[in-house]
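Here are my notes for a first look at this one. Have the sequence and the model open while you read.

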Amino acid sequence: MLMIILSPSLHSFPPAEAIKSSHLDSYLRLPSYQASHSSKYRFSFRKASGFRNADECGFTDRKITGVCDPSLVHVAITLDVVYLRGSMAAVHSILQHSLCPENIFFHFIVSDADLETLVRSTIPQLKFKVYYFDPEIVRNLISSSVRQALEQPLNYARNYLADLLEPCVRRVIYLDSDLVVVDDITKLWITNLGSRTIGAPEYCHANFTNYFTGGFWSDQRFSRTFKGRKPCYFNTGVMVIDLVKWRRVGYTKRIERWMQIQKLYRIYELGSLPPFLLVFAGRVAPIEHRWNQHGLGGDNVKGSCRELHPGPVSLLHWSGSGKPWLRLDSNRPCPLDALWAPYDLYGHPH
């Protein structure tokens, strides 16, 4: 089904957005109320409108029993003070476009702020659970990156979903916090992964060699990891993950091993993405590009405006340094930021 997202009718949907991809550098500074840890008490979000399943969902006559209920669609998003506004918008967008919103269970990964009460007061009907991710698990594994925001420990929480979530959760959709979903997320949920562990939109036209240093490609100890594969770039901000296979193979340890190698040999520059590419590139179940119209935040330095890629759109992703809420607040929005704005639940600081 082709979805035309540039229609003014999109603005009839309430605010929503997604989670954590990158951060604000240079002129895109956070407002003071977002900058400090104490700011968690100053956020003010308006209450989202109620939602309910359509008759076609078929579960209106029974109560979902908990996180292990087989009818649930599982979505994991990191949650922190800096990206809270984006996260709330992402969740809201998913609910607005879902045929069966009561069947969606959100797994929020946090490292510090106590945000559960705020989430519950903003979207009272939401099915969710908060999981604590200890930053110390990865602090000694993280290397410096092209942008400081990419070095934040919570960016690496996606590596540990198989450990954090209940064993009964067999599959999960992982989403960054700087995106909005404008289609029924169940369509993404039912992706056929085949024998693969993860599914994601691949971009094989991208120059894959650019994601690693010259030293990586010249050292056969490292570059031979791609022997027999046809690796393509994929963005880790939108993934469908088979947690059963992940746990069985132990992919977390494989990712950690590449992070250890990076500390010794500096084989890449881009934070949490390259270890995923090293482990999974060429072994990804392809998903339609409509599910990750990424790069709308521009590059990792200037955050310049971008246009949509040709084709239908189911998910808009502001990966890069430019975030729509910051550009809107500074009265310097890009044209596509207007597509994020209808999902923004943020009010004003107290």
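The points below go from the whole chain down to a few local spots.

1. A word on the basis first. This is a predicted model, in which local features need pLDDT of at least 70 and side-chain atom pairs count only at pLDDT 80 or more, while totals for chains, interfaces and linings use all residues. Residues are numbered from 1 along each chain as its sequence is written, and side-chain values use heavy atoms, with hydrogens and water left out.

2. The protein chain has 12 helices and 11 strands (DSSP runs numbered from the N terminus, H or I of at least four residues for helices and E of at least two for strands). Of its 350 residues, 59% count as buried, meaning under 20% relative accessible area with a 1.4 Å probe, protein chains only.

3. On contacts (heavy atoms within 4.5 Å): looking at those with a separation of 6 or more, 77% come from residues 24 or more positions apart.

4. Now find strand β2 (residues 104-110) and strand β3 (residues 127-132): they run parallel and are joined by six bridges (strands pair if DSSP finds at least two bridges between them). One of the partners to look for is K129 in β3, which bridges to H107. With helix α3 (residues 116-122), the two strands make a right-handed β-α-β unit; right-handed here says that, with the strands pointing away from the viewer, the path from the first strand over the helix to the second runs clockwise.

5. The aromatic pairs come to 26, counting Phe, Tyr and Trp rings (the six-membered one for Trp) with centres within 6.5 Å; planes under 30 degrees apart are stacked, over 60 edge-to-face and the rest tilted. F208 and Y211 make a tilted pair, 6.3 Å centre to centre with 50° between the planes, and both residues are buried. F212 and F216 are stacked, because their ring centres are 4.6 Å apart and their planes at 25°. F212 is buried at a relative accessible area of 6%, and F216 at 0%.

6. The charged end of R221 sits over the Y265 ring, 4.9 Å from its centre (the rule: NZ of Lys or CZ of Arg within 6 Å of the ring centre and within 35 degrees of the ring normal).

7. Why call helix α11 (residues 273-280) largely enclosed by the rest of the structure? Because eight of its eight residues are buried. Its cover includes α7 (214-218), β9 (238-242) and α10 (251-265). After α11 comes G282, with a positive phi near 90°.

Methods: Buried < 20%, exposed > 50% of the residue type's maximum accessible area, 1.4 Å probe, protein only.
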